[in-house]
Amino acid sequence: MQTAAREVRDLAIEQPSSVRIFERFGIDYCCGGRKPLEQICAEQQISLPQILEKLAEAQLVAPELAEPWTTRPLAELVDYVVQECHATTCSELARLAALSAKVRIRHVGGHPEIVEIEALVKQITDEITPHMDKEERVLFPYFVSLEKAHQSGLPKPCSFFGSVTTPIATLMAEHELVGAALARIRELTKNFELPQGTCPTYHALYTTLVDFERLTHRHVHLENNVMFPRAVTLFEKA
Ligand SMILES: [Fe+2]
Ligand SMILES: [Fe+2]
């Protein structure tokens, strides 16, 4: 099938270098990624030939991203998500809490939406912190042990939660909540358009919010679209 006719979610899974291109063009490859690339380009008025050219270029300039996570060991993907996505999520949320409080104190008069933005940052923190803790302490070690058992030809390890599909459904529902909070922040900030005459802290807040949204989309994509389906397959095979 031609690239243009493929769903962007599948392109993001098979060609990891495509993720940066989708981010640059504001294409949702995560929760809204179950649409053909050509359809998304038409809906968002993006040039399809330009995207196709950038996707081809990305594969040449980022050879380290050529191998998809679908073929690397699951343990390596777990390690990457914990070391890169989880660690950065914690540090960036701490920065966002400090920046949003500072902006609220200085600018709440002219920009009342900052109160809700600060509350949403806190809500995301309260939702994602125990979520990542649950992944790191319970589910991810189980995924790794499933892979090891499979490689050694042993039966699947026992778990207190039964099938992996139950906790995975909970984690995916929690991803949706975080995604909805981020979408609301995007709406409140008018797609992160910096208001006129604002201070460097305001600028830093918006830049950090943009980066955090990208990080979260990548994080959720790697779990929902790659790690969880692989864990389910291993569980069902064992
Ligand atoms: Fe995670
Ligand atoms: Fe997660």
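Me: Where does Thr216 sit?
Reply: Thr216 is in helix 8. This is a predicted model, by the way.

Me: Is Thr216 buried or exposed?
Reply: Buried. Its relative accessibility is 4%, and the cut-off for buried is under 20%.

Me: What does Thr216 touch, sequence neighbours aside?
Reply: Val178 and Leu182, once residues up to four places away in sequence are left out. Both Val178 and Leu182 are buried residues of helix 7.

Me: OK, helix 7. Which other residues are buried there?
Reply: The list also has Pro167, Ile168, Leu171, His175, Ala181, Ile185 and Leu188.

Me: What covers the buried residues of helix 7?
Reply: The cover includes helix 6 (113-152) and helix 8 (200-237).

Me: How far apart are the ends of helix 7?
Reply: Its end C-alpha atoms are 35 Å apart. Helix 7 has 24 residues, 165-188, and at 1.5 Å a residue they should span 34 Å, so the two values agree.

Me: What comes just after helix 7?
Reply: Lys190 does, with a positive phi of about 50°. Phe192 also has a positive phi, about 60°, although it is not a glycine. Phe192 is in the loop between helix 7 and helix 8.

Me: Phe192: buried or exposed?
Reply: Buried, with a relative accessible area of 13%.

Me: And what is the phi of Gln45?
Reply: Positive, about 55°, and Gln45 is not a glycine. Gln45 lies in the loop between helix 3 (37-44) and helix 4 (48-61). With a relative accessible area of 76%, Gln45 is exposed.

Me: Switching to the metals. What holds the iron ion (ligand 1)?
Reply: Four residues coordinate it: His86 (NE2), Glu135 (OE), His219 (NE2) and Glu223 (OE). The distances run from 1.9 to 2.2 Å.

Me: Why is its arrangement called irregular?
Reply: The four donor atoms subtend angles of 87 to 161°. Tetrahedral would need all angles between 85 and 135 degrees.

Me: How are those donor residues spaced in sequence?
Reply: The pattern is H-x48-E-x83-H-x3-E. The pair Glu135 in helix 6 and Glu223 in helix 8 links distant parts of the chain, 88 residues apart.

Me: Are Glu135 and Glu223 buried or exposed?
Reply: Glu135 is buried, and Glu223 is too. Glu223 has 0% relative accessibility.

Me: What coordinates the iron ion (ligand 2)?
Reply: His131 (NE2), Glu135 (OE), His175 (NE2) and Glu223 (OE), at 2.0 to 2.1 Å. This site is irregular as well, with angles of 86 to 172° among its four donor atoms. Along the chain its donors follow H-x3-E-x39-H-x47-E. Here the pair His175 in helix 7 and Glu223 in helix 8 links distant parts of the chain, 48 residues apart.

Me: How far apart are the two iron ions?
Reply: They are 3.2 Å apart, and Glu135 coordinates both.

Me: Is His175 buried or exposed?
Reply: Buried, at 7% relative accessibility.

Me: New topic. How many residues are in the largest nonpolar core?
Reply: It has 26. Those with the most contacts inside it are Leu77, Val81, Phe140, Phe143, Val164, Met227 and Phe228.

Me: Which elements give two or more residues to this core?
Reply: Helix 5 (74-107), helix 6, helix 7 and helix 8. The largest share, eight residues, comes from helix 8.

Me: What is Phe143 in contact with?
Reply: Leaving out neighbours within four places in sequence, Phe143 contacts Leu74, Val164, Ile168, Met227, Phe228 and Ala231. There is also a second, separate core of 24 residues, with Leu99, Val121, Leu182 and Tyr202 among them.

Me: Last thing. Where is confidence lowest and highest?
Reply: Lowest in helix 2 (residues 18-24), at a mean of 85, and highest in helix 6, at 96. The chain averages a pLDDT of 91, and 97% of the residues score at least 70.

Notes: Residues numbered from 1 in each chain as written. Chains lettered and ligands numbered in written order. Predicted model: local features only at pLDDT ≥ 70, side-chain atom pairs only at ≥ 80, totals over all residues. Heavy atoms only, no water. Helix = DSSP H or I, 4+ residues; strand = E, 2+ residues; numbered from the N terminus. Expected span 1.5 Å × (residues − 1). Buried < 20%, exposed > 50% of the residue type's maximum accessible area, 1.4 Å probe, protein only. Contact = heavy atoms within 4.5 Å. Donors = N, O, S within 2.8 Å, 3.2 Å for Na, K, Ca; no water. Tetrahedral: all angles 85-135°; square planar, octahedral: opposite > 155°, others 65-115°. pLDDT = per-residue confidence, 0-100. Core = buried A, V, L, I, M, F, W, Y, C linked by side-chain atoms within 4.5 Å.
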